[in-house]
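Here's a quick briefing for anyone opening this structure for the first time.

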Amino acid sequence: LAAAFDWLLVNAEQPAVLVVASYVRGQLSAVSSAVDAATRAGITVVVAATDRGLTAHPNACDYTPGFAQSVLTIGATTRRDTQALTSSSGTCIDLLAPGEEVVTCGVSSDLSEAQLPPKRSSSALAAAHAAGAAALLLSEKPHLQASEVKQTLIATSTVGRLSQLHGSPD
């Protein structure tokens, strides 16, 4: 993962948004340093919070790279505006986005669709929504730094709509 960030530092065209949907349990300083370098270089890094909500370790702060302060860590919500049970939770979650029963592209053809079944969620799909919002913001304001993109998305998000947050911010 750290090597991928090193490659991005050399090759990314600005403005850039990166979605990271992989994680490792623990707080790895080498990956955190690579993430921080990428965000300082202007790459907005959006991280899936992990789908560990129903495990013994549901806190997104217990995983790399989701614990890193410079990234935008995204948890998943349901169609009923609750935090998905499988989504990790905790104070490292910056935003929540749709991640349950999401229609996405299928694999059988260029026009096929697929949908996560009810009661199954994905913080990776939620992170893709947030990355799209970051990309739209950067298309209007390409001069923004990664930290400004993160702050703007948090400041302009809807507050008070979600319930059953399991320790995640609203």
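Cys61 and Cys92 are tied together by a disulfide, with 2.1 Å from S to S. Keep in mind that this is a predicted model. Besides that link, there are two cis peptide bonds to find, Gln14 to Pro15 and Thr64 to Pro65.

**The disulfide**

- The link of Cys61 and Cys92 is right-handed, with 115° about the S-S bond.
- Both Cys61 and Cys92 are buried.

**Cis peptide bonds**

- Most peptide bonds are trans.
- Going from Gln14 to Pro15, though, the bond is cis, with omega near -5°.
- You'll find Pro15 in the loop between helix H1 (2-11) and strand E1 (16-20).
- Thr64 and Pro65 are also joined by a cis bond, and here omega is about 10°.
- Pro65 lies in the loop between E4 and E5.

**Positive phi angles**

- Most residues other than glycine have a negative phi.
- Thr50 isn't a glycine, yet its phi is positive, about 90°.
- Thr50 is in the loop between E3 and E4, and it counts as buried because its relative accessibility is 2%, under the 20% cut-off.
- Asp81, not a glycine either, has a positive phi of about 60°.
- Look for Asp81 in the loop between E5 and E6, where it is partly exposed at a relative accessible area of 24%.

Notes
Residues are numbered from 1 along each chain as its sequence is written. This is a predicted model: local features need pLDDT of at least 70, side-chain atom pairs count only at pLDDT 80 or more; totals for chains, interfaces and linings use all residues. Side-chain values use heavy atoms; hydrogens and water are left out. A disulfide is a pair of cysteine sulfur atoms within 2.5 Å. Buried means under 20% relative accessible area, exposed over 50%, partly exposed in between (1.4 Å probe, protein chains only). Helices (H or I, at least four residues) and strands (E, at least two) are DSSP runs, numbered from the N terminus.
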